[in-house]
Amino acid sequence: MRNKTRKTDSAIKAGELILTEQPFVFVLSSKEQGNRCDNCLEKVKVLKCSGCQFVHYCGRVCQRDAWGDHKWECANLKRIAPKVIPDGARIMAKIINRLNRGDGHTLRSFYSATSFRMWKDLMSRNYFCVILLLVVFFFNLLRKRPLSMTISVMAINSFMILDIDMNSIGTGIYLASSIVDHSCNPNAVVTFDGKTISIRAIRDMTCLDWNQIRISYIDLMKTPYERQTELLNNYYFLCQCDRCMDENQIKYAHAAKCLNDNCDNPINIPWKANCQLVRKLENGKVNNTLQDGSSHEQNGVDEIQNGGHANNEEINNKNGFNIGESTLDVVKCKECGTKFDEKHIETFVKAMEVTHGHLQSMSGASVAYVDVCKYCLEKQEGVLHPLNVMHAQTLDHAFDALIQVQLWEKACVYAEKLIPCFRFYYGDRNPLLGLLYLKYAKILLYKMDLNKALTHLKQAEKILKMTHGEKHPLYREQLVPLIQQAMIESN
């Protein structure tokens, strides 16, 4: 099926669809096996493939549709059972098989009426990976072309396939969509309907220039330094977008709250040695700006990639952290002049350390813990600035955890505090902000706070209509009925 594209010479309005595409290859995440169909990715009742007993389908239609791609895999999955192949190795094997048969090398995926991308056009970086060994071991797939190059292309150009709640459920390679570059301040957004990817503009543009289209490759609710590190490690470039360089973003990232309740100014107090907030490329060298405003240079991107972050941990472990050595003699608010004494500084440092430790422990967990989040938020109360990124991340974990255990009252309290954090880190036109409004509105409807629910549903509609479009199931099947319900019940 030919991709849906827009004319490049016409003006683009925010919310307009600029590209829709089917995957070159894709896999459902192993954690979703048995819960979703391996073909359409819908979360429905599914049945196992009678051959491999590994993949699942929602019915004969999806089974027939997938058979051309699955039949070569079926025998191999059966052969290695009960071993489970890692997701990365499985999609790698699918790529190799696609390239070895049919139109894998000749397929053209159009992003405009006349412009297209093929497999050979995808960006690569020449590195090797243990996935190669897994592919050969599990599937006995050998090719004349070096596999390291194929693995590299897969790693750099793959997309996480997201469900209706923006949770990762799989991985896909999309040839045309891979043309889009990254920005932490994007002008377009990616959404999924099953395995179909859509890219929509979230800013008005005079014309469709693919060299200027930007999406975000990563989660944006992090410090500029953390975003840059993730992009450097996974995509091999140092992001210098206007959002990463924005001093307003930097000063709030690890800020303390001013002791004057009438002052909203962020207070920057170093809480650990060499706490880096951003990397700035100046004259071919990288200046790492620390929380106290000082900086130190590195010779280039390679030095950062090979040891910048690890060295920070080594320094922290070796030198420890001494408040007297790492802060100025007097810390005071530049806006109102309120001074912080040593006790206030110690309280801030402790709150940051406790929060950092618990966020690290929760990062690999499938669910957040209500008690842990509550403990962290108590430590942060009146100490961390409301837009401090660690405070925002804790609120996010807490809100999701409270929804899981159906503690609606407290969830509403956290949602109110979380909304300005999402606006600050994600921007006003991010689907995650729209989903937050939608989740909050659902709780308000349950509590029969109808007017407030309708207000938040309207906010969700404004965003999700732009990012997903009126035909997306999230908008059509979830949001619109809730708006209608709220309007009827409020009359």
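Biologist: In which strand is Thr-191 found?
Modeller: Thr-191 is in strand β11, residues 188-193; helices (H or I, at least four residues) and strands (E, at least two) are DSSP runs numbered from the N terminus. This is a predicted model, in which local features need pLDDT of at least 70 and side-chain atom pairs count only at pLDDT 80 or more, while totals for chains, interfaces and linings use all residues. Residues are numbered from 1 along each chain as its sequence is written, and side-chain values use heavy atoms, with hydrogens and water left out.

Biologist: Is Thr-191 buried or exposed?
Modeller: Buried means under 20% relative accessible area, exposed over 50%, and partly exposed in between (1.4 Å probe, protein chains only). Thr-191 has 2% relative accessibility and therefore counts as buried.

Biologist: Which residues does Thr-191 touch?
Modeller: Contact means heavy atoms within 4.5 Å. Leaving out residues up to four places away in sequence, Thr-191 touches Thr-196, Ile-197, Ser-198, Thr-467 and His-468. Thr-196 belongs to strand β12 (residues 196-201), and it counts as buried because its relative accessibility is 19%.

Biologist: With which side chain does Thr-196 make a polar contact?
Modeller: A polar contact is a pair of N or O atoms within 3.5 Å; within protein, one must be able to donate a hydrogen and the other to accept it, and residues adjacent in sequence count only if both atoms are side-chain atoms. The partner of the Thr-196 side chain is the side chain of Gln-22, at 2.7 Å.

Biologist: At what angle do helix α10 and helix α11 pack?
Modeller: Two packed helices are described by the angle between their axes and the distance between the axes. Axes are lines fitted to C-alpha atoms, for helices over the stretch in contact, and angles run from 0 to 180 degrees between N-to-C directions. For α10 (residues 370-380) and α11 (residues 389-404) the angle is about 145° and the axes are 9 Å apart. On the α10 side the contact includes Cys-373 and Leu-377, and on the α11 side Thr-394 and Ala-398 are among the residues met. The contact residues divide into nine nonpolar, four polar and no charged (Ala, Val, Leu, Ile, Met, Phe, Trp, Tyr, Cys and Pro are nonpolar, Asp, Glu, Lys and Arg charged, the others, Gly among them, polar).

Biologist: How many aromatic pairs does the count come to?
Modeller: Rings of Phe, Tyr and Trp (its six-membered ring) pair if their centres lie within 6.5 Å; planes under 30 degrees apart count as stacked, over 60 as edge-to-face and the rest as tilted. The count comes to ten aromatic pairs. Tyr-111 and Trp-210 form an edge-to-face pair, 5.6 Å centre to centre with 75° between the planes. Tyr-111 and Trp-210 are 99 residues apart, and both are buried. Tyr-252 and Phe-424 are also edge-to-face, at 5.3 Å and 70°. Tyr-252 is in helix α6 and Phe-424 in helix α12, so this pair ties together parts 172 residues apart in sequence.

Biologist: Which peptide bond is cis?
Modeller: Most residues other than glycine have a negative phi, and most peptide bonds are trans. The bond from Ala-81 to Pro-82 is cis, with omega near 10°. Pro-82 is in the loop between α1 (60-80) and α2 (87-100). As for phi, Leu-41 has a positive value near 70°, and Met-166 has a positive phi of about 65°. Leu-41 counts as buried because its relative accessibility is 3%.
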